[in-house]
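This briefing sets out selected features of the structure shown below.

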Amino acid sequence: MIDFSFTEEQELFRDAIREWLGKNLTMEQVRENDTNHEIPLDFIKGMGDLGLLLLTLPEEDGGSGADWVTATIGAEELGYADISVAIPVFYLVQASWGYVINKLASETVKDEYIRRATKGNGFLGIGVTEPGGGSDVAGFKTNLKPTDDGWIINGEKCYISGTAEAKELDGGYFVSGYNNRDAGHRGMTAAFVPINWDGVEITQRFDNMGRMAISTGGFKMTDVEVPKEYQLGETNRGFYNTMEGFDAARVLVSASCIGAAERALELGMDYLKEREAFGKPIAAYQGIQFDLADMVAHHEAIKSLVYRTAWMLDQKYETGKFDALETAKYISMCKYLAPHHALDTFRRVLYWMGAYGYTKECPLEMGMRGVMSYCIGAEGSANIQKLVIARESLGRDWTKTR
Ligand SMILES: Cc1cc2nc3c(=O)[nH]c(=O)nc-3n(C[C@H](O)[C@H](O)[C@H](O)COP(=O)(O)OP(=O)(O)OC[C@H]3O[C@@H](n4cnc5c(N)ncnc54)[C@H](O)[C@@H]3O)c2cc1C
């Protein structure tokens, strides 16, 4: 028998965050963050106090051992509150990549960087994309050269979320590079690279079109000495560790997009009931109702897929009921559908609002700019999701990329 209900604990978690966000993250505050290009530090600390940051980590490492469905609820609620998705990015990158980093990290990295990040005194990010491209993970140029005590890393990462926040909060990044190019993707190894270490230099902050409150930047690693205890996981497993991080992140990205789209629909429906044209509220016109019905139907279908997939991810970790590839197919379906659905919803609701929708008095343009980052590519482009879906549907032989 199928039971689609959340546990009591999950419902309480949702209520607690929604209440806290209702008080601490109003739409006016979201606009202020977007305009000032920053997330206030006291808000980040507040997230830490509430137990929102890195909640997926075990309790002994500062998290609450939250399952992926619970983390997905968090991502959805944050997307609902911050439709620009800047704060959701700060949350979800850490809940997902932070989970993988922590799972693979030594006690030294946990002590130095991870535990304090759970309180908002740090930042754990993902540095995969390079100037030459982000989709082809196995084509990256970053190199790890062995030393007696670890590795020397050289390479450059760009379009990386949270570089300014990582600098300010003394955080670091999951970085993967080649230790043995001849072995292809089986010759990659991951490491945790603190942003303030010698040899690590932030190259720039990009002037993005959306999610303005969180930085997107680049960093260069020149002869960075990384001791063995900063290696993440086994040698030669870097590619696979990277894929594990993407999987978790993509579910949460999808949930934040769903949360943002839900808020857009609510704001839109309020407007439709108030605004009159030709003597009656716009909501009374079937032309508008059909548009709404189409969006609501897609919304509920994709939201169900997202929670089903979060549940699959929990099953993958807890019972092994689903393997990584089966789960990845569903994850890519979410990551392909949810951001585009959200972008489409923002655009269509904005049309309902006429000229007002085209102004910055209306919050919706922040959402449109924000969710588009997830259509374009953050945590993997749409075509890469399609490649995964096709690969897991047709079979690997049909979809070889090299
Ligand atoms: C706001 C923002 C934040 C980001 N944050 C991070 C971060 O924190 N860490 C990080 O590592 N990266 C981050 N990224 C980068 C993101 O992961 C990349 O944008 C993404 O992986 C795509 O890489 P690319 O932009 O280099 O595009 P490319 O890889 O150059 O691809 C360009 C286009 O070609 C398409 N394409 C590529 N290969 C194929 C193929 N085989 N078949 C069909 N089409 C193909 C892609 O879908 C895309 O449309 C961020 C991006 C954005 C926009």
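## Briefing on the predicted model

Phe-140 has a relative accessible area of 3% and is therefore buried. The model is a predicted one.

**Phe-140 and its surroundings**

- Phe-140 belongs to the loop that runs between β1 and β2 (143–146).
- Beyond residues up to four places away in sequence, Phe-140 touches Val-128, Thr-129, Glu-130, Gly-133, Gly-134, Lys-157, Tyr-178 and Arg-181.
- Between the C-alpha atoms of Phe-140 and Ala-255 there is a separation of 29 Å, and the two residues are 115 residues apart along the chain.

**The ligand and its shell**

- The ligand is surrounded by 20 residues, and the closest are Ile-126, Thr-129, Ser-135, Tyr-159 and Ser-381.
- Thr-129, which is also among the residues touched by Phe-140, has an N or O atom in its side chain 2.6 Å from a nitrogen atom of the ligand.
- For Ile-126, a backbone N or O atom lies 2.7 Å from a nitrogen atom of the ligand.
- For Ser-381, a polar side-chain atom lies 2.6 Å from an oxygen atom of the ligand.
- Taken alone, the ligand exposes 970 Å², of which the protein buries 67%.
- At least two residues of the shell come from each of β1 (124–127), β3 (150–161) and α13 (382–394).
- With three residues, β3 provides the largest share of the shell around the ligand.

**Helix α1**

- Helix α1 covers residues 8–24, a run of 17 residues. From its first C-alpha to its last, α1 reaches 24 Å, close to the 24 Å expected at 1.5 Å a residue.
- Gln-10, Phe-13, Arg-14, Ile-17, Trp-20 and Leu-21 are the buried residues of α1.
- Viewed down the axis of α1, these buried residues fall within an arc of 140°, so they line one face of the helix.
- The exposed residues Glu-8, Leu-12, Glu-19, Gly-22 and Lys-23 are carried on the face of α1 turned away from its buried side.
- The cover over the buried residues of α1 includes α3 (41–50), α4 (68–81) and α9 (286–318).

- Helix α4, which is included in the cover over α1, has 14 of its 14 residues buried, so it is largely enclosed by the rest of the structure.
- The end C-alpha atoms of α4 are 20 Å apart, in agreement with the 20 Å that its 14 residues should span at 1.5 Å a residue.
- Thr-72 lies in α4 and counts as buried because its relative accessibility is 0%.
- With neighbours within four places in sequence left aside, Thr-72 is in contact with Val-251, Leu-252, Ala-255, Val-306, Tyr-307 and Ala-310.

**Helix α2 and Arg-31**

- Arg-31 is located in helix α2, which comprises residues 27–36.
- With a relative accessibility of 16%, Arg-31 counts as buried, since the cut-off is under 20%.
- The side chain of Arg-31 reaches the backbone oxygen of Lys-360 at 2.9 Å.
- Not counting residues up to four places away in sequence, Arg-31 touches Lys-360, Cys-362, Pro-363, Glu-365, Met-366 and Arg-369.

Note on methods:
Residues are numbered from 1 along each chain as its sequence is written. This is a predicted model: local features need pLDDT of at least 70, side-chain atom pairs count only at pLDDT 80 or more; totals for chains, interfaces and linings use all residues. Side-chain values use heavy atoms; hydrogens and water are left out. Helices (H or I, at least four residues) and strands (E, at least two) are DSSP runs, numbered from the N terminus. The expected span of a helix is 1.5 Å times one less than its number of residues. Buried means under 20% relative accessible area, exposed over 50%, partly exposed in between (1.4 Å probe, protein chains only). The arc is that of the directions from the helix axis to the C-beta atoms. Contact means heavy atoms within 4.5 Å. A residue is near a molecule or strand if one of its heavy atoms lies within 4 Å of it. A polar contact is a pair of N or O atoms within 3.5 Å; within protein, one must be able to donate a hydrogen and the other to accept it, and residues adjacent in sequence count only if both atoms are side-chain atoms. Accessible areas come from the Shrake-Rupley method with a 1.4 Å probe; for residues, only the protein chains shown count as cover.
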